[in-house]
Amino acid sequence: MSFTPSLLAKDPFLCTDWLVKRISEPRFQPIQGLKTLSSYSESTKRYDASFYFHLWSFLPLFVIAGGVVIAGVVCILTAKNWHDLVLAVYSLACTAMGILCAVVSFIVVALLPRLMLPTLILLCFAVVVLLLRFDPRRSDQRAEGAVATT
Amino acid sequence: MAPLLMLAGTAGLKYLCSPSPRRLVLLFCFIVLNILDRHANGVIAGLVPLAILSLLGLTFFRRSLSPPSYSSISLRSFFVSVAVGVVAILTTNAIILGVCRFDKIPYRSRTGYAFVWRLDFIKDLPPERQSAIINRTETDLQDPALTAALEKLKEMSARGEFTPDDICGALDKALGEEGYQGQNRHVALDQKLNRFFTYFLQHDPADLFPVVARDVEQA
């Protein structure tokens, strides 16, 4: 990948904002004259009010994680068959892996919200797995399977 | 990233519910794709083994909930799932090395480079602790280029500042003075930062882990 001065000067371009703060450094001397690099464009400001970017802000991740752990333990204790147990254990495993993923990320780099995306995905998946217990189609299939084996 | 994680999770659940070689291959493929997407997502390789191990433990305590005849959850399936995860990680590395070889570019892990940004916590440590960590690292690593970078870190930390670009700049400058040029210089920079990262994790994790825990909590 090669960044040409014309590409760097595009607005909005994240590298432009990165460069604006460092344009005085000698290594950027060849592009110091570019007009776009004279002001901070705040290329991400337009997304500040976007609903999509604040979709999960009302619900902290630890609430989802804690909720899955509590619900998972309850489901394990009240499991009536093997499938219920598998679903509850699998949701707990997803939660554990989601948190582990965050820990691995933060050992290497400092806190960045985007690094929590895999954790969020795995936690949401854990919630879906827990809800599968109430799937009526799955219960029907299980009943049919039991009849077939008898 | 999201669809791949979901698909790997679904493949793992399908395998747990009714294990079959086909589902195992599917799980293997999704683990490989997840790691290729982002290395840290390799933790997904541990999802099914962890679930099987937990299920084995639970069935020991709750014998009434024994697995049905078609479900072969056992120690053997645990070891098979661990093997699938390990082979997936090895396959991913082989693919990456193969692509590098095909494109005739040297393989470079940028973990150490990313870790420079993590060193922000050093400026918040007491001055004596900052000096102790940096001095011991310099003595143990015995690398002039890394020493230049660590001296920069020490200088900044003493002022309570942190600019990762300056640390990389100091290392890059030292490598230039040592005669490294072009691509070799970039590769050497990454290798030295990786060496520092490995050393730090092995010798000073006690200072790092509270910061990691705080970040996870904040996130």
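Trainee: How do you know how much area is buried between chain B and chain A?

Mentor: Bear in mind that this is a predicted model. Buried area is the accessible area that two parts lose on being put together, summed over both. For chain B and chain A that comes to about 3600 Å², and carbon and sulfur atoms give 79% of this area. The contact takes 42 residues from chain A and 49 residues from chain B.

Trainee: Which helix gives the largest share of the side of chain B that touches chain A?

Mentor: That is H1(B), with 10 residues. Helices H1 (2–17), H3 (47–61), H5 (111–118), H9 (182–203) and H10 (205–218) of chain B each supply at least two residues of that side. By class, the side of chain B that touches chain A has 32 nonpolar, 11 polar and 6 charged residues.

Trainee: How many salt bridges does the rule find across the interface of chain B and chain A?

Mentor: The rule finds 0 there, while 5 residue pairs are in polar contact between the two chains. A search of the whole structure finds 10 salt bridges over all chains.

Trainee: What makes Asp84(A) and Arg133(A) a salt bridge?

Mentor: Their N to O distance is 3.6 Å, and the cut-off is 4 Å, so the pair qualifies. Asp84(A) lies in helix H4 (residues 82–108) of chain A and Arg133(A) in the loop between helices H5 (117–131) and H6 (136–149), so the pair ties together parts 49 residues apart in sequence.

Trainee: Why is the charged end of Arg110(B) said to sit over the ring of Tyr113(B)?

Mentor: The charged end is 4.1 Å from the ring centre; the rule asks for within 6 Å, and within 35 degrees of the ring normal. Arg110(B) is therefore counted as sitting over that ring.

Technical notes:
Residues are numbered from 1 along each chain as its sequence is written. Chains are lettered from A and ligands numbered from 1 in the order in which they are written. This is a predicted model: local features need pLDDT of at least 70, side-chain atom pairs count only at pLDDT 80 or more; totals for chains, interfaces and linings use all residues. Side-chain values use heavy atoms; hydrogens and water are left out. Contact means heavy atoms within 4.5 Å. Buried area is the accessible area (1.4 Å probe) that two parts lose on being put together, summed over both. A salt bridge is a side-chain nitrogen of Lys or Arg within 4 Å of a carboxyl oxygen of Asp or Glu. A polar contact is a pair of N or O atoms within 3.5 Å; within protein, one must be able to donate a hydrogen and the other to accept it, and residues adjacent in sequence count only if both atoms are side-chain atoms. Helices (H or I, at least four residues) and strands (E, at least two) are DSSP runs, numbered from the N terminus. Ala, Val, Leu, Ile, Met, Phe, Trp, Tyr, Cys and Pro count as nonpolar, Asp, Glu, Lys and Arg as charged, and the others, Gly among them, as polar.
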